[in-house]
Amino acid sequence: MAAVSKGTAHVYGISGTVSNITVQSYTVSRSFELDDKVAGEHGRTITHRVDGRTNEISIEGVLQSSSFSLAIGDRLQFTGNEITFDGLVTRIEDRGQAKGFSLISITAQSFEDITYS
């Protein structure tokens with residue numbers, strides 16, 4: 001029996017960066033780039049310095065394998081539930097394909113004092 005197409009059920013993209021991806025989940029991590037501690041003579045922390053806020057996002061999704069064109073170093077903009085992210089892609093994982101679809105994981109970072117354009 002031939003497949004019958006009656007339209008598109010679901011298409012979701014990442015701000016035009018990756019079209020035709022269905023985002024299944026995303027994780028946003030916030031941390032300090034510099035995180036130094038100094039211990040005193042009794043081994044307890046007596047000084048703690050933090051500086052340089054960084055954000056990292058990991059996006060998990062499914063897309064048609066033929067439509068993927070994102071590369072490491074590309075700019076990634078993402079808007080989710082009450083978050084907005086703008087940074088550079090640092091890692092891409094392709095977990096294989098089945099029936100023309102691939103499982104993709106995209107990781108990107110942004111730093112506090114850098115404006116991406």
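Which side chains meet in a salt bridge at 2.7 Å, N to O? The side chains of Arg75 and Asp86 do, and they are shown in one of the close-up views below. The model is predicted.

**Figure 1. Overview of the protein chain, a predicted model with 0 helices and 5 strands.** From the N terminus on, the order of the elements is β-β-β-β-β. The chain has 117 residues, and 22% of them are buried. Among contacts with a separation of 6 or more, 55% are between residues 24 or more positions apart. The average pLDDT of the protein chain is 82, and 83% of the residues score at least 70. Among the elements, the highest mean pLDDT, 90, belongs to strand β5 (residues 101-111). The lowest mean, 85, belongs to strand β3 (residues 75-80).

**Figure 2. The salt bridge between Arg75 and Asp86.** The structure holds 6 salt bridges. In the one shown here, the side chains of Arg75 and Asp86 meet with an N to O distance of 2.7 Å. Arg75 belongs to strand β3 and Asp86 to strand β4 (residues 83-98). The two residues are 11 residues apart, and their pairing links distant parts of the chain. Are these two residues buried, partly exposed or exposed? Arg75 has a relative accessibility of 30%, so it counts as partly exposed. Asp86, at 26% relative accessibility, also counts as partly exposed.

**Figure 3. A network of salt bridges that links Glu60, Arg91, Glu93 and Arg95.** Glu93 takes part in a salt bridge with Arg91, where the side chains meet at 3.5 Å, N to O. Glu93 also forms a salt bridge with Arg95, and here the closest N and O atoms are 3.2 Å apart. Glu60 is another member of the network. The relative accessible area of Glu93 is 30%, so this residue is partly exposed. Arg91 counts as partly exposed because its relative accessibility is 42%. Arg95 counts as partly exposed as well, at 45% relative accessibility.

**Figure 4. The aromatic pair of Tyr26 and Phe78.** How many aromatic pairs does the structure hold? The number is 1. A pair of aromatic rings is described by two values, the distance of the centres and the angle of the planes. For Tyr26 and Phe78 the distance is 4.9 Å centre to centre, and the angle between the planes is 65°. The pair is edge-to-face, because the angle is over 60 degrees. Tyr26 lies in strand β1 (residues 21-39) and Phe78 in strand β3, so the pair ties together parts that are 52 residues apart in sequence. Phe78 has a relative accessible area of 2%, so it is buried. Tyr26 has a relative accessibility of 27%, so it counts as partly exposed.

**Figure 5. Thr54 and the residues in contact with it.** Thr54 is part of strand β2 (residues 45-64). Is Thr54 buried or exposed? Thr54 counts as buried, because its relative accessibility is 9% and the limit for buried is under 20%. A polar atom of the Thr54 side chain lies 3.1 Å from the backbone oxygen of Ser110.

**Figure 6. Glu112 in the segment after β5.** Which residues is Glu112 in contact with, leaving aside its neighbours within four places in sequence? They are Gly52 and Arg53. The C-alpha atoms of Glu112 and Phe32 are separated by 9.6 Å, and these two residues are 80 residues apart along the chain. Glu112 has a relative accessibility of 44%, so it counts as partly exposed.

Technical notes. Residues numbered from 1 in each chain as written. Heavy atoms only, no water. pLDDT = per-residue confidence, 0-100. Helix = DSSP H or I, 4+ residues; strand = E, 2+ residues; numbered from the N terminus. Buried < 20%, exposed > 50% of the residue type's maximum accessible area, 1.4 Å probe, protein only. Contact = heavy atoms within 4.5 Å. Phe/Tyr/Trp six-rings, centres within 6.5 Å; stacked < 30°, edge-to-face > 60°. Salt bridge = Lys/Arg side-chain N within 4 Å of Asp/Glu carboxyl O. Polar contact = N/O pair within 3.5 Å; in protein donor to acceptor, adjacent residues only side chain to side chain.
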